[in-house]
Amino acid sequence: MSAATTRSRTPDRLCAEAVDLARSAAEEAAAPGVVGEHSGLVSEGDRVVTHFFECKEFGYRGWRWAVTVARASRAKLVTLDEVVLLPGPDALQAPEWVPWSERLRPGDMGPGDLLPTDAEDLRLEPGYSGEDEPLPNSVLAQATATVELAADLADAEDADVTAGSPADFTVVPARGSIAAVAEELGMRRARVLSRYGLHSAADRWEDSYGSQTPMAQAAPASCVSCGFLVAIGGSLGQAFGVCTNEFAPADGRVVSLAYGCGGHSEAAVMPTPPVPPPPVIDEMKVDPFPLRPAADSGSVPVSGADEAVAELGHS
């Protein structure tokens, strides 16, 4: 170990003793009352020392005020270098910054927000390019790529390639060309959904409204037999549809044909509560209701002087 290295690791005495100078600089840079106790120092080099003070600022737990002081060679005056707030070993820090394209989640977009797609987005592939060129997945494009590859190999081998029939496929007549057909069908899109984008959407919809969800497991039947299901076109129509039941949890959503809920159009109808029969009134018979009890209704017959008492109900 060299002498210079040993000196740099040993704090300079005058710089190490300049605690008051470092505290004054930290208090001047920070808000009042947020500079705590002196928590140590470290040697940054020859005659360069950094003092650390605890930070009492709310939300900066474990951070430290770092004040660096230094002095010139053969000088006894210590001067201030810089003041900065740095995180300590146990500091509470914000998570690592993540680009917006990776932070974005479904449902984050609001009215007026714009979501630009990357030029190399794997979910899309070139569609109508505006020129009479075949689509990348077509047979003509593959034949053209084969010819170009052969030409590259020929250049590498210093050989000649005779133009064959595949080369003529790239020359498309104006009538009936790809551009003319796309213009007529209204399919002039710069990019279309790729196979990766299609499978990604299918997996996402299956996770949200698929056969493995708790709602589908408890459903009386699947959506494939429901009258509220509206079919969609394309290859996705073989596995998905749109729910149109306003009382269903997936109303207006793309659901799997194996999904189901209690709002199925053919679900069992709940039985109606029994209605009590109407009362029966007999109008052919009259039951007499006397206002006074009969004289012989008591247990002792009424006679003579006890008649008045008998009328009161005494025996």
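Which residue in strand 3 is the bridge partner of H51? The partner is V67, and the rest of the sheet can be built up around that pair. The model is a predicted one, where local features need pLDDT of at least 70 and side-chain atom pairs count only at pLDDT 80 or more, while totals for chains, interfaces and linings use all residues. Residues are numbered from 1 along each chain as its sequence is written, and side-chain values use heavy atoms, with hydrogens and water left out.

Taken as a whole, the chain has 10 helices and 9 strands. Both are DSSP runs numbered from the N terminus, with helices being H or I over at least four residues and strands being E over at least two. Of the 315 residues, 20% count as buried; here buried means under 20% relative accessible area, exposed means over 50%, and partly exposed is in between (1.4 Å probe, protein chains only). The chain exposes about 23,700 Å², and carbon and sulfur atoms supply 57% of that area. Accessible areas come from the Shrake-Rupley method with a 1.4 Å probe, and for residues only the protein chains shown count as cover. Among contacts (heavy atoms within 4.5 Å) between residues at least 6 apart in sequence, 51% join residues at least 24 apart.

Four strands form an open sheet in the order 1-2-3-4, with antiparallel pairing. Its edges are strand 1 (35-45) and strand 4 (79-87), each of which pairs on one side only. From one strand to the next, the twist averages 20°. Two strands count as paired if DSSP finds at least two bridges between them. Strands 1 and 2 pair in the antiparallel sense over 7 bridges, and G40 stands opposite F52 in strand 2. Strand 2 (residues 48-55) is also joined to strand 3 (residues 63-70) by 7 bridges, again running antiparallel. Strands of a sheet pair through backbone hydrogen bonds, either parallel or antiparallel.

R47 sits in the loop between strand 1 and strand 2, a hairpin with 2 residues between the strands. Its phi is positive, about 60°, although R47 is not a glycine. R74, in the loop between strand 3 and strand 4, also has a positive phi, near 65°.

Helix 3 (residues 19-29) lies across strands 1, 2, 3 and 4, running at about 115° to strand 1. Axes are lines fitted to C-alpha atoms, for helices over the stretch in contact, and angles run from 0 to 180 degrees between N-to-C directions.

What about the inside? A nonpolar core is a set of buried Ala, Val, Leu, Ile, Met, Phe, Trp, Tyr and Cys residues joined through side-chain atoms within 4.5 Å. The largest one has 17 residues, of which V35, F53, W65, V67 and V69 touch the most other members. Helix 3, strand 2 and strand 3 are the elements giving two or more residues to this core, and strand 3 supplies the largest share, 4 residues. Leaving out residues up to four places away in sequence, F53 touches, among others, V19, A22, V35, W65 and V67. A second, separate core of 9 residues includes C223, C243, A248 and Y259.
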